Amino acid sequence: MTFWRRKARETELDEEVRTHLNMATQALTERGVAQKEAERAAKREFGNVELTKEVTRDAWGGRWLAKLNQRRAVRLADVVEESRLHRDRRPHTGAGHWLQHRCFFVDRRLVAAEPRRSGSPGVGPNHLRSTWNRRATLQPDVRPPSRAAEGVHRHFCLRNGPMVLSKKGVARPITGAYATGSAFPTLKLKPRLGRLLTWQDDEPSALSNGVAAVISEDFWLEHFGGDPGVLGQPITVDGGTATIVGVMPRSFNGITVDYSPQVVLPFIFDVALHGKSSCRFRSDCTWFFTMARLKPGVTFAQAQANLAAIAGDVLKESLTEGYQRIDYLRNGTLSLIPGRTGSSPLGKVYGRELWTLQTLVGLLMIICCANLASLQLSRTLNRQHELVVPASCGEYAAFR
Amino acid sequence: MAEKKERYQNRIELLQGTLDLLVLQTLQWGPQHGYGISIAIRNHSGEILQVHTGSLYPALHRLEKQKLIKAEWKVSENKQRAKYYQLTAAGKKHLSRERSKWSQFSQAIAGVLNPEQT
């Protein structure tokens, strides 16, 4: 019951907190404090609203069920989204694989085969990663590509990272992500409201026109009350200001399990904030996730083989002198990982343990089933014996 | 600044469990909303006890779940819709028990602190 009433309770709690703040504000204004100052003081005195709500929700109980349901919703959303993508892809490739590289910077050599939009200077994805958890430095855009990845196309890069949202003088942490302009076109997502980021949003010209940002549906509901007028409103993140151009669909929860970005900004925003020290130019910025679609008619194995073949050249051309001395980088390779379920760092860390646990649970279930079956069998045999005895005594009909 | 720091240092943290007692006691005087409860506790303690909203609202909802208090939406004297809490019969019994326990506890502490008076 607690669980089913949760939605209503959430609304009531919001109103209760709002009422508290209004009353506190009113009390202060009656004492002669200016309205704005009173509002600020009331909020200051109240403390962290979200934290209060969070702790109050814990008091309701049934939290694990709500979280489980939330998690299930995310998973279902993933599945739905993946199914959609899979269907979209099928006529082109026939292969159910996404491509995902992790860890390294590799420059745009790998995406040289990517057809660029007319008028676009080509600021599409330029980073791919290998499968190591090591850091390396590759200078972007140094020389023309010697060999390009032939098996994949439509890459995009996305970098998860916590951000600080500033709103009415109050700063609070949010989950954010930087994405290349190709991200949403590649994912083929439809916006919940407005539009999603495009190639043009990640171009240098966007800096003069105002950087675009997209927000998640939950963020939209929480901060803007689901108001369609959110489009065109400014949002201040990490000290920089962007303009909200759209709301992401509820089905999109990012590409990393357990990390759902509330705000997604184009990489150019990072350039606007940090200039030359932006991750776009810095070699020590890693942990970009790159995803791509397989080219039509190319199988996963073919694309993998292609990447492995060009990996040496790509790394050699991309690594700076310092990193070329490091064996594991110089002799590195690139590999493909199916990305249909996104990236799951925890799954990678605890994958073996979870599989072991699952196997043990499976074995336990088999033992239980075998025990139950033998118990049932012995009961049946006993019953059969009971039936045989009256039948032999000529009482079978009466027994029935 | 120094005054603020001193005020912070002098702030009396509520003992674990006493918040429920204070809330129930406040509601014995009549139905009240969250803001009213915090103000009442502050005023009746001579501005010494300041209940953090981060503790107050979870406590109110916890007590409501335990059916020690019940809530009802009403319009306040300032024409605002507010959630008013009031004691239930179970809450009154609980308050009585808790008051008795607190009395014993405070006497015990006083006995330790002032052994010559006992």
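Guide: The buried residues of α3(B) pack against α1 and α2 (35–46) of chain A and, within chain B, against α2 (18–28), β1, α4 (53–65) and β3, where contact means heavy atoms within 4.5 Å and where helices (H or I, at least four residues) and strands (E, at least two) are DSSP runs numbered from the N terminus. This is a predicted model, in which local features need pLDDT of at least 70 and side-chain atom pairs count only at pLDDT 80 or more, while totals for chains, interfaces and linings use all residues. Residues are numbered from 1 along each chain as its sequence is written, chains are lettered from A and ligands numbered from 1 in the order in which they are written, and side-chain values use heavy atoms, with hydrogens and water left out.

Helix α3(B) is mostly covered, since eight of its eleven residues are buried, buried meaning under 20% relative accessible area, exposed over 50% and partly exposed in between, with a 1.4 Å probe and protein chains only. The buried residues are B:Gly34, B:Tyr35, B:Gly36, B:Ile37, B:Ser38, B:Ala40, B:Ile41 and B:Arg42. Just after the helix, B:Gly46 takes a positive phi of about 65°.

Among the partners from chain A, helix α1 (residues 6–30) packs with α3 (residues 34–44) of chain B at an angle of about 50°, with the axes 8 Å apart; axes are lines fitted to C-alpha atoms, for helices over the stretch in contact, and angles run from 0 to 180 degrees between N-to-C directions. That angle makes α1(A) oblique to α3(B), because angles under 35 degrees count as roughly parallel, over 145 as roughly antiparallel, 65 to 115 as roughly perpendicular and the rest as oblique. On the side of α1(A) the contact is made by A:His20, A:Met23, A:Ala24 and A:Ala27, and on the side of α3(B) by B:Gly34, B:Tyr35 and B:Ser38. By class, this contact has four nonpolar, three polar and no charged residues, with Ala, Val, Leu, Ile, Met, Phe, Trp, Tyr, Cys and Pro counted as nonpolar, Asp, Glu, Lys and Arg as charged, and the others, Gly among them, as polar.

Helix α1(A) also lies across β1, β2 and β3 of chain B, running at about 100° to β3(B). These strands form an open sheet of three in the order β1-β3-β2, with antiparallel pairing, two strands being paired if DSSP finds at least two bridges between them. Its edge strands are β1 (32–33) and β2 (69–75) of chain B, each of which pairs on one side only. Strand β3 (residues 81–87) of chain B is joined to β2(B) by seven bridges and runs antiparallel to that strand; there, B:Tyr84 of β3(B) is the bridge partner of B:Glu72.

Elsewhere in chain B, helix α5 (residues 89–113) holds both B:Trp102 and B:Phe105, three residues apart, about one turn of the helix. B:Trp102 is partly exposed at a relative accessible area of 36%, and B:Phe105 is partly exposed at 40%.
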